[in-house]
Every structure is written in structure tokens, then in C-alpha cells.
Amino acid sequence: MAASIWSGYLTFGLISMPVRLFAGARGSHISFNQLHRDDHVRVKQQLICPADNKVLERDEIVKGYEYRKGEYVIIEPEELKKIEPKTAKSMEILEFVKADEVDPVYFESSYYLQPDEGGEKPYALLVHALKDTDYMGIAKVTMHNREYTVFLRPHTSGMMLHTMYYEDEVRKMDAPKITSEIKPAEVKIAHQLIEALAGKFEPEKFHDSYQENVKKLIQAHLEGREVEAVEKPAKPEKVVDLMAALKQSLAQMKEKKSAGSRIADAEKASTVQLDDKKPATRERRGKKRVA
């Protein structure tokens, strides 16, 4: 099992249970190192004090808050430890809210919340009650040197915890001003188009085509081959007759395959192919020898 990133107690009312948090998702991407173009040697990043042009070690670094231009309040790690809130080891549910009242824009990161030894029964009771009532819990917890407000919701794995963006962190944007009249016939065909494109949510159908293309590009360099460029789509034309465009779209959808096949075709069209022909000569892009 993966290592937990937080352990403590979840409480609501007088009920308390030991729990652990595990990362619910993580991004996956190819990382590139920064190299010196001339000799392909990996460059280093150093912490340098510009006042005396000295390279600093980690133990010479302190945290400082700039309260006025060029003037800082120095904060030591022990001082931050001293002011940790009580939520550092305890997570108290402060409120229950209806799940459909929470806009997903407030969801930040996702974690699995699992019971620790001795907390299985109250944990199961809470999950069962949340499912029956369609409520989510709101609590506070401190981790990674920051206090978070979090959502707790039932899930197929038990319970999920989502950290919450605060109100002042969510950007506000006015709805666009729409002066055009939407006709009932247009709405009807739009509904039909949605139904034609409808499918069951299966996350395994979706892939990061760009990351796959980067892997193939790296493979091509190692093998001395070329990649074929992905064909870029033409710039869409401006829709003049919305009704005609809807009807044409619906006709195309009815001619095409299932939603799953359409997704596979779309990803295939975005995937690069390796050229079978190896060029006669090509500079190998590996590490250069340094005399």
C-alpha cells in the first residue's frame, strides 16, 4: 500500500475515529533536464547571495517576509511549529451540506480517506449516512504547512477528501451577454445532437496523446528515425446558419460509429507515427564527449 500523507483523527459530534489520507491522483508527464547546448552536460542551479557573491548551503537559508521594500521579518521553523493549529492532528467536521449545492470549481486536490485500526465501524457508519442523505461533510485539516478546508464525500472506495479553494481564490467572471434569441427547434436538435454523442463515462478511454507523442519523438531520436507531423485541423468557418449547422452535425453523428470509437479515432488522428525509413546520416543527440 502507498504511504499515507497524513494521519490523525476525524471527529463529528462526540464520535472520533483514526484515519489516514492517501493521494487520490497525480499528474504524469515527461520531464526534460536542462543541458548546456555546447557539450550536453546537465546544468546546476545554485543559491547565491548577490551581496557577497557567495554560493549558499541549505542550512544558511532562512524564511523571510518582506513587509517593506528590502526589509524582512525573519521566521524560524520552530516558530511556525509553535503556531500550528489544532487541526494538525485532528479533523473536525464543522458542517454538512447537500452535495448538489457544491460547485465543482471549489474542488482542488483529491485524496482517499481510509480508516485506521479501530476506526472501521464509525467510518462505515459515516459513509453509509452520507450516501443515504446525499450530504458532504466540511472540515478543516492542516498538512504541508497549511490549513485546508476540505470536503468529505462518499465514494466507491469508502470516502474521498477534496481540499477546497477559498472564496477569494476562485476567480469570478460575469456570464456572457447573449442577445440572440434561441428558437425551440434549435434546442430540440441540440438535444438530439447531445444524445447522439452521449456515452458512458469510462476514464480508461482517454489518454494524453501529447505525452505519447513526446515518447515517440524520444524513441525516434534514439533510433535515428523521423516522426511524421500530426496533421493540423483547418480553421473552423464561422457559423452563419445555426439551424443548418445543427442539422448537418446531427446527420454526421448518425453516420459515424459509437462514442467510444469516435474518441479512439480522435486520439489516433492526434498521434504521431514513426517513419519506417531511416535517414542515411543523422546526428545522434546523445551526450557529447567532453575532452
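First, a word on the model. The structure is a predicted model, in which local features need pLDDT of at least 70 and side-chain atom pairs count only at pLDDT 80 or more, while totals for chains, interfaces and linings use all residues. Residues are numbered from 1 along each chain as its sequence is written, and side-chain values use heavy atoms, with hydrogens and water left out.

**The chain as a whole**

Six helices and 13 strands make up the secondary structure; helices (H or I, at least four residues) and strands (E, at least two) are DSSP runs, numbered from the N terminus. The radius of gyration is 28 Å, whereas a compact globule of 291 residues would have one near 19 Å. That radius is taken over C-alpha atoms, and the globule rule is 2.2 Å times the number of residues to the power 0.38. Along the principal axes, the C-alpha atoms fill a box of roughly 70 × 65 × 45 Å.

Buried residues come to 23% of the 291, where buried means under 20% relative accessible area, exposed over 50% and partly exposed in between (1.4 Å probe, protein chains only). Among contacts with a separation of 6 or more, 67% link residues 24 or more positions apart; a contact means heavy atoms within 4.5 Å.

Strand S1 spans residues 6-12, and five of its seven residues are buried.

| Partner of S1 | Residues | Bridges | Direction |
|---|---|---|---|
| S2 | 15-23 | Seven | antiparallel |
| S7 | 90-98 | Three | parallel |

On the S7 side, Leu 10 stands opposite Met 91. The hairpin of S1 and S2 has two residues between the strands, and here Gly 13 takes a positive phi near 65 degrees.

**A look at Ser 209**

Further along, Ser 209 lies in helix H4, which covers residues 209-223. Is Ser 209 buried or exposed? With a relative accessible area of 15%, Ser 209 is buried. Beyond its neighbours within four places in sequence, Ser 209 is in contact with Glu 267, Ser 270 and Thr 271.

Methods
Two strands pair if DSSP finds at least two bridges between them.
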